[in-house]
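Me: I'm new to reading protein structures and want to know where the labels come from. Can we go through a few together?

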Amino acid sequence: MSSRRDVTFIIVSYNSDKTLESSIKSCLASVQKYYANTGAVVVYDNASSDNCPQIIDKFANKYPSIFTGIKSNENVGFGRANNKAVQLSPSKTYFLINPDVVFEPEIVNTLTATLNSANDIAIVCPKLLYLDKSIQPSIRKFPSFTYFLLRNLLGERLQQRFYPFKYYYDIAPTLDSAVEVNWAIGAFMVVSQDYVDRYGLFDERFFLYFEDVSLCVDAWLNGFRVIFQPQVYALHMYQRVSTSSKFNYMKLLHTVSALRFFAKYRPYKKRWQLLTHLLELNLSLKTPFRFLLLTRRWI
């Protein structure tokens, strides 16, 4: 796919076989209906150990002209995998879709029209719904370090008592037209070619988590806007694995990414950069509980 297409749908998978097929079908349906000759679907698999590679092969054999499957030998991370897919699939518009998201083809027209309505729009995101059709709080305000620290140490209830901070936009259920937002979660993002060509996509220093926050911060800093389009929706089969228990590997990874985020935009906080490096070392050793015991005395 060397020539630039109108639209490319990109999915990064990792042990996502329970939902991946449905997500691919949503993307393929959109291409077949609106971009039969100018659209493509690319799935980049991050060395899954489940049936993702077999699912990718099935679609690659069935739709060779519009589907490309890339099977990595290693897990390169969410942001880097998306970047690689973008580099291999030059397009005017990129739809970045999580492997647990499904949608109707019709939403594509509304989202691309919103993206193309002004030259300074970099990212457009639809409304996300849970499977029961309730609204997912997917549009959010940029977090402060104090908010992140207190919420993780004290929990949401005590954090709001001592440091009131509206992280989620509570206006989402009442909106009926497109609005600017700080950022939206990366489960479904439409990104313009113009922005990607000029500034790139995800910061690869984020292996997982906070790469979507950073992308939106960078877009605003570069003079572009992030838009939430509530007139259309996608279904998100959402699992908050990073908060499913008090201490787990994914939660530690989330914390590392958060600290890396604050270190990136607040470089004067050297102590948090040091803590980030220590946590990254712990991730490489994959011994989070031992690390927590060792650092309990001085954090």
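Here are some labels and the values behind them.

Reply: Quick note before we start: this is a predicted model, where local features need pLDDT of at least 70, side-chain atom pairs count only at pLDDT 80 or more, and totals for chains, interfaces and linings use all residues. Residues are numbered from 1 along each chain as its sequence is written, and side-chain values use heavy atoms, with hydrogens and water left out.

Me: Why are H1 and H2 called roughly parallel?

Reply: Helix H1 (residues 20–34) and helix H2 (residues 52–62) pack at about 25 degrees, their axes 10 Å apart. Angles under 35 degrees count as roughly parallel, so H1 and H2 get that label.

Me: What makes Asp 57 and Lys 71 a salt bridge?

Reply: The rule asks for a side-chain nitrogen of Lys or Arg within 4 Å of a carboxyl oxygen of Asp or Glu. Here the closest N and O atoms are 2.9 Å apart, so the pair qualifies. Asp 57 sits in helix H2 and Lys 71 in strand S3 (residues 67–71), so the bridge ties together parts 14 residues apart in sequence.

Me: How do you know whether Asp 57 is buried, partly exposed or exposed?

Reply: Buried means under 20% relative accessible area, exposed over 50%, and partly exposed in between (1.4 Å probe, protein chains only). Asp 57 has 33%, so it's partly exposed.

Me: And why does Leu 153 count as exposed?

Reply: Leu 153, in helix H5, has 62% relative accessibility, so it counts as exposed.

Note on methods. Helix = DSSP H or I, 4+ residues; strand = E, 2+ residues; numbered from the N terminus. Axes fitted to C-alpha atoms, helices over the stretch in contact; angles between N-to-C directions. Parallel < 35°, antiparallel > 145°, perpendicular 65-115°, else oblique.
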